[in-house]
Amino acid sequence: MTTATISRRRFLTGGGALIVTFSLPLELGAQTSTPPERLAQYAWIDSWLAVGGDGRVTVFTGKVELGTGVETALSQIVAEELDVPVARIAIVQGDTARTPDQGYTVGSKTIDQGGPQLRQAAAEARQALLEMAAARLGAPGERLVVKDGVVSAREEPSKRVTYAELIGGQRFNRAVTKTAKPKSPAGYTVVGTAAPRVDIPGKVTGTHTYVHDLRLPGMLQGRVVRPAAIGATLESVDEGSLGGLPGVVKVVRTGNFVGVVCEREEQAIRAARELKVAWKDGPALSEMKELYQTMRGARTTDRALLTVGDVGPALAIAAKSLHATYEWPFQMHASIGPSCAVADVRDGKATVWCASQGVFGLRDSLAELLGLAPDNVRLVFAEAAGCYGHNGADDVAADAALLSQAVGRPVRVQWMRHDEHGWEPKGPSMVMQVRGGLDAQGRVVAWDYEVWTPTHSTRPRSEAGNTLAGQLTGRAIKAGLSGGDRNAKYGYVFPNGRVVVHWLPRAALRPSALRGLGAPQNSFANESFMDELAAAAGADPVQFRLRHLTDSRAIAVVEAAALLARWETRPSPKPGAASRPVATGRGIAYVQYENENAYVAMVAEVAVDRRTGAVRVTRAWIAHDCGLVINPDGVRNQIEGNVIQTISRTLKEEVKFDRARVTSLDWRSYPILTFAEAPDEVEIVLVNRPDQRPVGAGEPAACPVPAAIANAIFDATGTRVRTVPFTPERIKAALDAVTRA
Amino acid sequence: MASQLQITVNGKRYRVEAAPDTPLLYVLRNELNLNGPKFGCGLAQCGACTVHLGDRAVRSCVTPVSSVRSPVTTLEGLGTREKPHPLQQAFIDEQAAQCGYCINGMIMTAAALIKRTPRPGEAQIREALAGNLCRCGTHMRILRAVRRVARA
């Protein structure tokens, strides 16, 4: 999509222009659980938990708290198996020196993939403790009961011993044998309850420590000075431009990487602003207004995800056929707290505190960047503002590491707002095209889906080139193709279907994982088009979906959402709506996340002001089935968050760029949903299925939101919108075009 | 040039050394180790850095420390874990946070509103919070928490 071509040779030799390009297939797949080669390292109970002399249980996990409440949910899982109160559990997260490598905290996989390892370790620990207690109390194991970390004999309660007395402060020295049987969900008393979040009291009183709040003795403050344009190369740095500025310790320059280190934070901010740096422009970026056209015209690597029957002939003989194209722009994570990290690099060793979603992968990346052996680099997770995917958290860790290495003292770096907006990896733009056919009875007989997408993941998985600092010091991004195909496959039963992904080799802006990766976009297209077919068939949108579903869990969420919303059975658009100045309507969408995880259906109610084109989502009703629910309030919090954030993405968000750089650099140029625009009400029904695997809830509810809104706008106005965001200007233009026609 | 300045924060008087144009935020965070106020944008657009000057909620990221005449209250001064302010308690009761980075601004802004208008209506609450951004999408819970105090 970049209009400039970057030669293979230049690509291989490195240089500042490499930000916008990366190599083709080296399929990596998202790594979300413990890497198999490391499993043997964590074969001991002691890798996972310890009981202190005070009876407190310390849990070691590679999964990390990103604001989604997993610290609490994982505590509940361990508390349940060990029979200790949640309050007595402390969790050590993501520390390459202390915790197991449980892969990346991504993809709503923490409970699903991280939970079982902790559950098993806790069950093994409990079994070991019971054996010790049996010996100590002279009572057979089956006669023992445990409550709040105290083991006692059922018939003789005076015979008792605490976990602390049994093992406090000592190692178990026992392997996780997989012979201990975790409790049956039917007997759960902690899992499944709305245990209050362990982190919230600290967060509302200013006592929770974020990475931003870490202060080391002798710590300096750093700021980065990014290139004037994406892909620009450094010509010169005029250190004299800092003149008599106080507190400047060092101007650091390595390749195209430029930063300042000062005694105080406000000094570093000022020095970074005033430092005169000359840059030579890199290759021009794509013309933004031709973005989608450029994507459609690019040479791609094509993969068929699904082929059922023969769509070509089926479309040809369909009673009715439709086609539509949907477009989704670049969007950003837009964390409220700009990325921050603290690094201490000296004497050939490095410790970096950061909010990476994968400290083990990033450890190896930073080792390469710093020229140190991975064993001499320790990464410690510290919580930051919500990231919603691969934002600047890894990049700033690399920045802090380079700056600390340059001065040999601890350095804290926090990005400025313009650094975050301008340089965080972006959720990439996508184009989706669907053709579909109906038979005379109004059933879908053919579905032909194509999506154009670049990769949605360029995380550092061991290579320095996947950090900005790595690229600015001459390394190239390496990434496979992943994420853009998420939920490309439809969730219905059709006799003829084809789903094809056209992988783009590059993106106009550095792409990476933003909540749900390609799933919200593909679901937007799939569920909008389903609605278009329903309208063409003159069918009620709920009934039309049910007609093409066979999975009972899918049917259950669609029916539950409709019931919750008091859905009125009739086709869209709403009769007579077109005459009112503020038109209201409702739309439904249904998605099974990744076609194999949580089931979500959502009904949105919108109010569309025909005079201004402004759309407000007034109400949202969601039915959600993520299997066994660990913490119902935690799941609700995630669902509400997904819904509100995706309303924001759908109605308001688009990263703007010119031929050289991102121009959405603050909250005015990249507005997000405000309190005035938030819905009146979000109602949720959780379908708890204790007999089903607990799958994640961090992303699924984002997926039906865009189509539910588009379908509601259609219901209200009779006008179909297919390009996100649904800004007032765009809606007004669409409504006016229909009026003119 | 750095100069000696006196400010009152959370009921205590402090003598701090800072250039007069230093934003209050950095003095609170780095000189007084108060982590309640957060750096969000430095542009007074998001509200994460909100503190009270007297009874007014202000953006400490754009308030030069030398301009501060009234006593400063931060989230830590509003209440503690042991003795939380009613709004802090309401945010706990409603579990009204995800990452929590914006929550300082939400509580400080709402506290100033409730001091000024003890029983604000829905529109007043939403208007008061209009300049405070939350990216996790915790809006519904934050509104519930503020309502809980507004209607107490």
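Colleague: Which residue stands opposite Ala620(A) in β24(A)?

Modeller: Strands of a sheet pair through backbone hydrogen bonds, either parallel or antiparallel. Here Ala620(A) faces Val682(A) of β24(A). Ours is a predicted model: local features need pLDDT of at least 70, side-chain atom pairs pLDDT 80 or more, while totals for chains, interfaces and linings use all residues. Residues are numbered from 1 along each chain as written, chains are lettered from A and ligands numbered from 1 in written order, and side-chain values use heavy atoms, without hydrogens and water.

Colleague: How many bridges join β23 to β24(A)?

Modeller: There are 6 between β23 (residues 615-625) of chain A and β24(A), and these strands run parallel. Strands pair if DSSP finds at least two bridges between them; a strand is a DSSP run (E, at least two residues), numbered from the N terminus, and a helix is a run of H or I, at least four.

Colleague: What is the strand order of the open sheet?

Modeller: In chain A the 4 strands go β21-β22-β23-β24, with mixed pairing. β21 (582-592) and β24 (681-686) of chain A are at the edges with a single partner strand each, so one side of each has no neighbour in the sheet.

Colleague: And how many salt bridges cross the interface of chain B and chain A?

Modeller: The rule (Lys or Arg side-chain nitrogen within 4 Å of an Asp or Glu carboxyl oxygen) finds 7. One of them links Asp213(A) and Lys38(B), with the closest N and O atoms 3.3 Å apart.
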